[in-house]
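Let's take a walk through this model, starting with strands and moving on to charged side chains. Have the structure open as you read.

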Amino acid sequence: MAELTLSANDIAAAITKGLEGYKPSVEARTVGRVTEVGDGIARVSGLPDCAVNELLEFEDGTVGLALNLDEDSIGVVVLGEAESIEENQTVKATGRILSVPVGDAMLGRVVNALGQPIDGKGEIVGAIMRRVEVQAPGIMGRKPVHEPLQTGIKAIDAMTPIGRGQRELIIGDRKTGKTTIAIDTILNQRGLGVKCIYVAIGQKGSTIAQTVEVLRQFGALEYTVVVAAPASNPAPFKYLAPYAGCAIGQQWMENG
């Protein structure tokens, strides 16, 4: 049997080759632990520098939203399924405040309450991120309502006209046409330079899909953003959906 011999130069060359491209890095992260979890809410301790609306990351990659900042713990809303989250698991602070993509790149897209596309058209390119909650402008800094918003429904436009920038409540029993009024108003904005946002909360997924198809057929989807939080979504998504819709609209309000 041949004798196996290794020289010091061969060993050094092998070690040098193995170390090629190695770049050591050190990352400091604040880590807490889950003390209690139930009904989609987790109590977390050990994150004293956590901010309101900061995104936290659990061990399985699920993201949570810090809402209640108590003296000894944090109330975190789990943005996803909470079945795999257990007591004593680690939670990492990301330092990111809840934000959604905004801008003209959102037009024609269907997104969830976090601004993530769910229409199968790929990633949203060209959008910018905006915090969901920002300081609202003061009353004196707002432009008065001076321009009408035509709904296309003569009874409404004649008797109870709506102005651009005005809030209007559509209230009524189920199956009385509330959604129809909103959709007809969106369809009537074609060619008028109005950008529309339709936020669907708690509806069946099939109903939302039908609404999107109607907007597409009449050419209204090209100037509309649909934020969908169907009944199958966890409760936190339904809570965040209107905030996401408002954030998208506020970007256009401030920048045209």
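**Strands and salt bridges**

Strand E3 (residues 54-58) pairs with strand E6 (residues 90-97) in the antiparallel sense, over four bridges. Here pairing takes at least two DSSP bridges between the strands, and strands (E, at least two residues) and helices (H or I, at least four) are DSSP runs numbered from the N terminus. One of the partners to look for: Glu57 bridges to Lys92 in E6. This is a predicted model, where local features need pLDDT of at least 70 and side-chain atom pairs count only at pLDDT 80 or more, while totals for chains, interfaces and linings use all residues. Residues are numbered from 1 along each chain as its sequence is written, and side-chain values use heavy atoms, leaving out hydrogens and water.

Zoom out and you'll find a closed barrel of six strands, running E1-E2-E5-E4-E3-E6 with antiparallel pairing.

Now the charges. The whole structure has six salt bridges, each a side-chain nitrogen of Lys or Arg within 4 Å of a carboxyl oxygen of Asp or Glu. In one of them, Asp70 meets Arg43 with the closest N and O atoms 2.5 Å apart. Asp70 sits in the loop between strands E4 (63-69) and E5 (74-78) and Arg43 in strand E2 (residues 41-45), so the pair ties together parts 27 residues apart in sequence. Arg43 is buried at 19% relative accessible area, whereas Asp70 is partly exposed at 43%; buried means under 20%, exposed over 50%, and partly exposed in between (1.4 Å probe, protein chains only).

Glu254 and Arg130 form another salt bridge, 3.1 Å from N to O.
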